[in-house]
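Trainee: I would like to work through this structure with you. Please set each term against its rule.

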Amino acid sequence: MNGFESTAEASPDVRAAWVWQANSIRDGGDELLANAAKHKINRLYVNVNMNFSTEIYREFIAKATEAGITVEALGGDPSWAIEGREGPMLQLASWVSEYNLAVEAAARFDALHLDVKPYVLPAWNTNASALVQSWMNNMTVLQKQVEQNGNIQVNVDLPFWLNSYTVAGKRTTEDADNETLSHWFIERFDHITLLVYRDTAQGNNGIIRLIEKDMNEADVQGVSVTVGVNTKPMPGEEFTTFADKGTAELEDVLSEVAASFRDHTSYAGAAVHDIVYWSQLSPEDEPTPEPAPENPHSPPDIRGTYIWEASQVTNDGGDHILEFAREKNINFLYVRLDLEQPYSSYRSFVKRAAVQGIEIHAMGGHPIWGKAENRPRIQRLIEYVTNYNAEAEADEQFKGIHLDIEPYTLSEWQSDRDTLLSEWAANIAYFHEETKRHGDLETSADLAIWLDTFPLPGKNISVSEFMIDTLDHVSLMAFRNTAEGSNGIAAVVSQEMEIADRLGKPLMISVELKENFEGRHISFYEAGASEMERQLALLPNLLSNFQAYQGNIVHAYDYWVEAKP
């Protein structure tokens, strides 16, 4: 592709890092640049917030250029690979091109850096062929736009294992006649960052062996390849990261990789994901710590459940709930309210729960509450709870209001998703603002773990980040029945935990005990309550790096009380 010349002298070996924290440059980025100097970084992939003024980027990139560091404009979302959802990607490309045209050479982005990752979407497992086709089509549209503008190069993140898929979206073993997906990208883009998340250089599962074929193809095509490695903690998959290895081992492996590929014209250097985790590695001069005890971390503060039937509280005073809570050490309840009941129906239960050390949040919700036309239903719940609290004694008051909306079960999720997402977000913002206008009740909601793959229409933010940022706390519906592994509870909540840590917000993890027919990995229904407890006990260790993690919520009381042992 045609593009501006690089704003810094080319280095024989790139030392790059992803910077997903867009705010790190907002104050000039001096701390980020100091961190880059510490790690001898000469290239930064910096996440772009198009709501920032261009002056913020002009100032930062000019300082980076003076320090010998080139800057690429980083952006990406799995949904950008979906047909009809490429708009934000094209908007980012246009923004970067227009910015580069408006500033002097020393303040320009060196490339547009795309991290799309559609393979994390559920559709990759159910209909990979269609998703691969739309991904390639969207990337082709992007290329045409960039080539027309003619002032920015494109660098694409690709996992090394894409060479096991063909352009038809099938495994190479099933479709040997088609070119590999990685070859398709290598043939069309000038710069590739190969994500080879392994912690060894040598061996059958080492970095060198895994990317030899791609490096040879890149040599033929004249493409520049940067080898990407990982420093983010990956509970249950420690072989994919240097998080527990330390700086010295990371540097040793990078040196081995560089030596092995020195004769490849395609080899450009290495990139580390990401700068925050890289900085958290143990330094080279620190001795390796003694192995930690198996369970060094205290249990989380919150241990709760959902009470979906208001009658269980109003009809008999909820004695059976409080007895169960005492037996299971429950200290937190989301209780659905029947707004037709008088306030006196709840006062005794809340008071007796408080004596037991149980915090209670009033709950309501329905998928249609995500639509603008149903905002009055949210308003009615807010008014009921705030008026109740105004009449109740201090030890009889609800501590917060919790919403369970889940509008993705509505038909509009398929037919008019952007409108539904926008209305849902507006209702959540209204819920928080209106609740705070009446007092200091805590606001919260349930959040599906996969919503981090959906951007909020018109905003440079995911649905998950919006929810976490807007509300006082969120309960992540991490409906998995194992704590460890790439599809375990700890792994599937890690992105939200990172967001919440950055925003200083608490998160709870909700797990499922209800019988579920979507897959055996979803619920603890078959495994039983004892296995659920065993898996939950692993989470404090697995999530020890996250301040946001506050506890666990079991869905729900009705299923827990009837659960298998």
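Trainee: Where does K117 lie?

Mentor: K117 sits in the loop between β4 (111–114) and α4 (123–126). Those labels are DSSP runs numbered from the N terminus: helices are H or I with at least four residues, strands are E with at least two. Remember that this is a predicted model: local features need pLDDT of at least 70, side-chain atom pairs count only at pLDDT 80 or more, and totals for chains, interfaces and linings use all residues. Residues are numbered from 1 along each chain as its sequence is written, and side-chain values use heavy atoms, with hydrogens and water left out.

Trainee: How many helices and strands does the protein have?

Mentor: The protein has 20 helices and 16 strands.

Trainee: Why is the protein called as compact as a globular protein of its length?

Mentor: The globule rule is 2.2 Å times the number of residues to the power 0.38, and the radius of gyration is taken over C-alpha atoms. For 565 residues the rule gives 24 Å; the protein has 26 Å, which is close, so the description holds. The C-alpha trace spans about 80 × 50 × 50 Å along its principal axes.

Trainee: What makes the space of about 30 Å³ a cavity?

Mentor: On a 1 Å grid over the protein atoms alone, a cavity is a set of points where a 1.4 Å probe fits but cannot get out. Points join across faces, edges and corners, and the volume is the space filled by probe spheres set on them. Two cavities of 30 Å³ or more are counted.

Trainee: Which residues line the second largest cavity?

Mentor: R15, A16, L254, A270, A271, V272 and W278, each with an atom within 4 Å of a point. β8 (267–273) and β1 (14–19) each give two or more. β8 gives the most, three residues.

Trainee: How do α2 and α3 pack?

Mentor: Helix α2 (residues 54–66) and helix α3 (residues 87–102) pack at about 65 degrees, with axes 11 Å apart. T54, Y57, R58 and I61 in α2 meet W95, Y99 and A102 in α3, where contact means heavy atoms within 4.5 Å.

Definitions and conventions
1 Å grid on protein atoms, 1.4 Å probe; cavity = no way out; pocket = protein on both sides within 12 Å on 5 of 7 lines; lining within 4 Å. Axes fitted to C-alpha atoms, helices over the stretch in contact; angles between N-to-C directions.
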